[in-house]
Amino acid sequence: MSVLLVIAGAVIGAPLRYLTDRAVQKRHDSAFPWGTISVNVVGSLILGVVAGASTASALPHQVQLVVGTGLCGALTTYSTFSYETLRLYEDGGRFLAVANVAVSIVAGLGSVFLGVAISQAIWP
Amino acid sequence: MQHERTDPAPWEPVDPDVDLRHDRPVRRTGDTAVLTVIAAGGAIGAVARYLVGQAWPTPTGSFPWATLVINVVGCGLIGILMVVVSEVLTQQRLIRPFLGTGVLGGFTTFSTYALDIQQLIANRHPGTALLYLGATVAGALIAVWATATTTRALVAR
C-alpha cells in the first residue's frame, strides 16, 4: 500500500520536473540551469510545508507518502544538479559551476525553512 | 570568462533532462512516449529510494546516511549514463528520459536533502548538518566526475 502511494506521487513529480525544466529553459538563453533550480526550490518548499504539518500531526501519513516521498522526491533531483555542475565546470567555466552549487543550496535550504515556517504559522 | 578552457566532451549537454541547445530539433519520439517513460522511470526510482530509506532508517538527530548514499550513487550512475547515451547509444531516444530523467531523477532527491539539514538544525545538531551538507555536495560531484571521466576514457578506447 505504501509503495503504491509513493508511485502515485512519483508518476506526477517526475514528468512535472521535465515539463517545468523545459518551460523554464525555453525562456532564457544561457546555459545556467534555472529549470533544475526551479524544481528543486519548489519541491523543497512543498516538502517543508508537509514536514511542518506532519510534526503538528495535521497530515495523515498517507499524504506524507504521496506528496513528500513520491511527488517532492521525484520532482526534485540531485543527479541532474550534479551532472549540470560538472558540465558547467567543463563547458562554461568555474564561476557558473560554483554559482550553481551556491544558488541551489541557498535557495533550496531557504525554501525548506520557509515551508516549515508556513506550516508552523498555520498549525501552531 | 575562461574560454581558453577546453571542454573534454562538447557533444554532451549541460542539462541531462532538457537541453534545447543540444537536442536535435526534429523529435522522432512524441511527447506522450517521453512523458510516459519519465513517469514509469520516476516511479521505479522513487520506490527504490523509499525502500532503501525503510531498510536503513535515520534516527532523529543522526547523520542521514541513506539519503547521502542514494544521492551519491545516483550521481555516479548519471555520469555513466550520459556518456553512454551521448557517445554510444545516440539513436536510442527514450533511454535518457527513462533512465536519466525518470529513474535517476526519481531516485535522487534534493528536497529530502534540504529537509534533512533543516531537521538537524532544528534538533540542535548544526555540526552534523554542516558536515552532511558538505559531504553530499562533495560526494555527488566527485562521483559524477569520476564516472563520467572513466566512462569517456573507456568509450574512447
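**Close-up views of a predicted model**

**View 1. B:T108 and its surroundings.** Leaving out neighbours within four places in sequence, B:T108 contacts A:G73, A:T76, A:T77, A:Y78, A:S79, B:R49, B:I70, B:N71, B:G74 and B:C75 (contact: heavy atoms within 4.5 Å). B:T108 sits in the loop between α3 and α4 of chain B (helices: DSSP runs of H or I, at least four residues, numbered from the N terminus). Its relative accessible area is 0%, so B:T108 is buried (under 20% relative accessible area, 1.4 Å probe, protein chains only). A polar atom of the B:T108 side chain lies 3.1 Å from the backbone nitrogen of A:Y78. This is a predicted model: local features need pLDDT of at least 70, and side-chain atom pairs count only at pLDDT 80 or more. Residues are numbered from 1 along each chain as its sequence is written, chains are lettered from A in the order in which they are written, and side-chain values use heavy atoms.

**View 2. B:G105, a recorded site.** UniProt (unreviewed entry) places the feature "binding site" at B:G105 and B:T108; such annotations may be inferred rather than shown by experiment. B:G105 belongs to helix α3 (residues 95-107) of chain B. B:G105 is buried, at 0% relative accessibility. Beyond four places in sequence, B:G105 touches A:R17, A:G73, A:A74, A:T76, A:T77, A:S79 and B:G100.

**View 3. The aromatic pair B:Y113 and B:Y132.** Nine aromatic pairs occur over all chains (Phe, Tyr or Trp ring centres within 6.5 Å, Trp by its six-membered ring; planes under 30 degrees apart are stacked, over 60 edge-to-face, the rest tilted). B:Y113 and B:Y132 form a tilted pair, 5.6 Å centre to centre with 50° between the planes. B:Y113 lies in helix α4 (residues 111-122) of chain B and B:Y132 in helix α5 (residues 126-156) of chain B, so the pair ties together parts 19 residues apart in sequence. Both B:Y113 and B:Y132 are buried.

Note on methods. Helices (H or I, at least four residues) and strands (E, at least two) are DSSP runs, numbered from the N terminus. Buried means under 20% relative accessible area, exposed over 50%, partly exposed in between (1.4 Å probe, protein chains only). A polar contact is a pair of N or O atoms within 3.5 Å; within protein, one must be able to donate a hydrogen and the other to accept it, and residues adjacent in sequence count only if both atoms are side-chain atoms.
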